[in-house]
Amino acid sequence: MKFTNRQFGEVEYDEKHVIEFQEGIIGFEELKRYLIVNDEESEPFRWLVSLEDEDLSFAMIDPALIVSTYQSSLFKDLDVTVFLMVALKDPLEASTTNLRSPVVVENTSRQGRQLILDDESLSARHPLFSHQSVLVEG
């Protein structure tokens with residue numbers, strides 16, 4: 001199958017890769033069908049791309065790149081893939097990620113959900129490069 005996205009142009013996909021968000025994404029509850037697009041030029045980011053709105057793509061990142069214990073402590077023993085939404089800003093160093101509202105995809109059923117975690121210690125605007133800058137400079 002094919003669809004067109006403003007950011008990526010024409011994209012081919014297999015129906016088995018579609019992720020269904022029964023509740024949608026926060027702020028976009030009416031849109032239910034998405035793909036995760038890996039774009040080598042934007043690594044380490046991945047993109048959650050709507051199949052229902054050609055203008056809608058969300059930057060995401062593996063939480064382990066931001067907080068090493070994030071995924072293991074919250075989703076232990078579950079067959080899921082977890083991503084954090086990223087707010088890309090100019091300059092890029094000002095970008096943030098939302099630790100309180102991860103996107104969780106159940107690997108077998110391909111059902112997705114954006115959770116809202118009730119943990120005051122998790123920031124909704126965690127600096128994206130605070131941890132990585134130590135790795136680059138150190």
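Modeller: In S5, Ser 50 is the bridge partner of Tyr 34. This is a predicted model: local features need pLDDT of at least 70, side-chain atom pairs count only at pLDDT 80 or more, and totals for chains, interfaces and linings use all residues. Residues are numbered from 1 along each chain as its sequence is written, and side-chain values use heavy atoms, with hydrogens and water left out.

Biologist: How do S4 and S5 pair, and over how many bridges?
Modeller: Antiparallel, over five bridges, with S4 at residues 33–38. Strands here are DSSP runs of E, at least two residues, numbered from the N terminus. Two strands pair if DSSP finds at least two bridges between them.

Biologist: And how many bridges link S5 and S6?
Modeller: Four, also in the antiparallel sense; S6 covers residues 57–61. Arg 46 stands opposite Met 60 in S6. The two strands, S5 and S6, form a hairpin with six residues between them.

Biologist: Why is S5 largely enclosed?
Modeller: Because four of its five residues, 46–50, are buried. Buried means under 20% relative accessible area, exposed over 50%, partly exposed in between (1.4 Å probe, protein chains only).

Biologist: New topic. Where is Asp 14 found?
Modeller: In the loop between S2 (9–12) and S3 (19–21). Asp 14 has 39% relative accessibility, so it counts as partly exposed.

Biologist: How many residues has the largest nonpolar core?
Modeller: It has 25, and Phe 3, Ile 61, Tyr 70 and Phe 75 have the most contacts inside it. Such a core is a set of buried Ala, Val, Leu, Ile, Met, Phe, Trp, Tyr and Cys residues joined through side-chain atoms within 4.5 Å.
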